[in-house]
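Student: I would like to learn how to read a protein model. Could you take me through some features, one at a time?

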Amino acid sequence: MNFLLAEAGGGSGIGALFTALGLNVPALVFNAGAFLLVVAVLGKYVYPHLIKALDAKKEELEATSRMEQEAKKVLDKAEDKAGQVVNEARTAADEILASAKADAAAQIEAARAKATEQAERLVAEAREQLSRDVMAARKELKSETARLVAAATAAVLKEKLDSSRDSELIARSLEAK
Amino acid sequence: MIWKLAATAAHGPHVSLVAEPIFNIGPLNITNSTLLGVVGGIIMFWLLLSTVKRIKTGKHNRLSIAVLWLFDILFGTVEEILGSRDKAKKLAPLAITIFLFILINNWLGTFPFVGPLTWHGEPLFRGLAADLNFTAALALITMVTAQIWAHRSLGLGGNLGRYFGNPFKDFMHVFSGFLELIAEFSRLIALAMRLFGNIFGGEVLLLVMAYISGPAAPIALIPFMLIEIFVGAIQAYVFFMLTVVFVSLGANHGHDDVSSEVDESRTELAAPGAPV
């Protein structure tokens, strides 16, 4: 403090201190006025353009942000719709699958029943045929036996037998009894 | 030029607290700090006007992008502290001009031609903020602006009520109001002296280092010049921030949320290593 006051010419008090620091009212007023003039000029002709540029940039960013949000909404909606469509498709596919399974089961059942019926019919026909064959074989066997008996009788009697001779022999036999 | 600085310093550092007058216009002394202020002002106008021109034509270059980017940051800071874009638009011209003007002049003050170039034996240029008249003028403008904003926000009675009260009703308020009044003056003096002290101290540092390092000054001074560039930017930002904070203190008096923001800002400014 003392060296400041000494530089101010040995005075004392706040005034001498200000003088030592070079503070004087005209210079202070000049500096303040000049600076305020600079602020006023810049505030009128320069900063509004810069602020406008910042506002434009801000609006652009906000518009981009809005567009992004809208795009996100559209995307969400599309995803929802896609999910819905997929769900519907899945449900329809499940229904179709269930229906196909039921159809397949019904068809299998029908085929099985038809096959069973056909098999039973074939078995019945086979049995009938077998029965007829057995009957025919029996008849043939009977007639063959009769022929063999006739042939054996002819061989025993040493005469050729025919139907009239047979009838005669049969009648004689009946009379002998 | 830097050799000349070293040569000048070799005779012993010439330190003057007061800006030296170069010529007079009537009763007004035009000092060497004013001359550098004019140069700084011209540079600032050129920077801003060229940026505006680039904005209008839409053809940006790196400089205009840098200026616009800096303006965006500063404007954003003002808006954040005041809490309103409209308020920021009103205060930004003052606050941002303070920052740019101080920054450019602080950086100009580190140039080697400041000091060695003489006019009738006196240095032709001197850092603008190394003149207390300039820093005191800025501090006065800031504090008056803070009062105007407080008056607009709180009204005459509300603003005076911050400092004066009825001692029979609330003695503590009278006491705190008195402290607030002292604080306003201390802020004014601190604003002026902080910037002046830092920049003047920087100039003295450069002179002393040039004197000490002698012939090696051109190399020895470089780190100190870089430090001064850094300090110049910090001081410009500190003044800018304090301007906005003081105005916001007056305009938002009584709002706790704003006060806490301001306290945080002060804490940040007072962080270790910040030469405030």
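Tutor: Let's begin with a pair: Glu168(A) and Arg172(A) form a salt bridge, with their closest N and O atoms 3.4 Å apart. A salt bridge here is a side-chain nitrogen of Lys or Arg within 4 Å of a carboxyl oxygen of Asp or Glu. This is a predicted model, where local features need pLDDT of at least 70 and side-chain atom pairs count only at pLDDT 80 or more, while totals for chains, interfaces and linings use all residues. Residues are numbered from 1 along each chain as its sequence is written, chains are lettered from A and ligands numbered from 1 in the order in which they are written, and side-chain values use heavy atoms, with hydrogens and water left out.

Student: How are Glu168(A) and Arg172(A) placed in helix H5 of chain A?

Tutor: They are 4 residues apart in helix H5 (residues 163-176), so about one helical turn separates them. Helices are DSSP runs (H or I, at least four residues), numbered from the N terminus.

Student: Is Glu168(A) buried or exposed, or partly exposed?

Tutor: Glu168(A) is partly exposed at 41% relative accessibility, and Arg172(A) is partly exposed at 46%. Buried means under 20% relative accessible area, exposed over 50%, and partly exposed in between (1.4 Å probe, protein chains only).

Student: Which side chain meets Asp72(B) in a salt bridge?

Tutor: Side chains of opposite charge can pair when their charged atoms come close. Here Asp72(B) meets Lys57(A), at 2.9 Å from N to O. Asp72(B) lies in helix H3 (residues 62-82) of chain B and Lys57(A) in helix H4 of chain A, so this pair joins two chains.

Student: How many salt bridges are there over all chains?

Tutor: A search of the whole structure finds 11. Some link up: Asp55(A), Glu79(B), Arg85(B) and Lys89(B) form a network of salt bridges. Within it, Glu79(B) pairs with Arg85(B) at 2.9 Å. Arg85(B) is buried at 18%, whereas Glu79(B) is partly exposed at 22%.

Student: And how do I read two helices together?

Tutor: Two packed helices are described by the angle between their axes and the distance between the axes. In chain A, the axes of H3 (residues 25-45) and H4 (residues 47-157) come within 4 Å and cross at roughly 45°. Axes are lines fitted to C-alpha atoms, for helices over the stretch in contact, with angles from 0 to 180 degrees between N-to-C directions.
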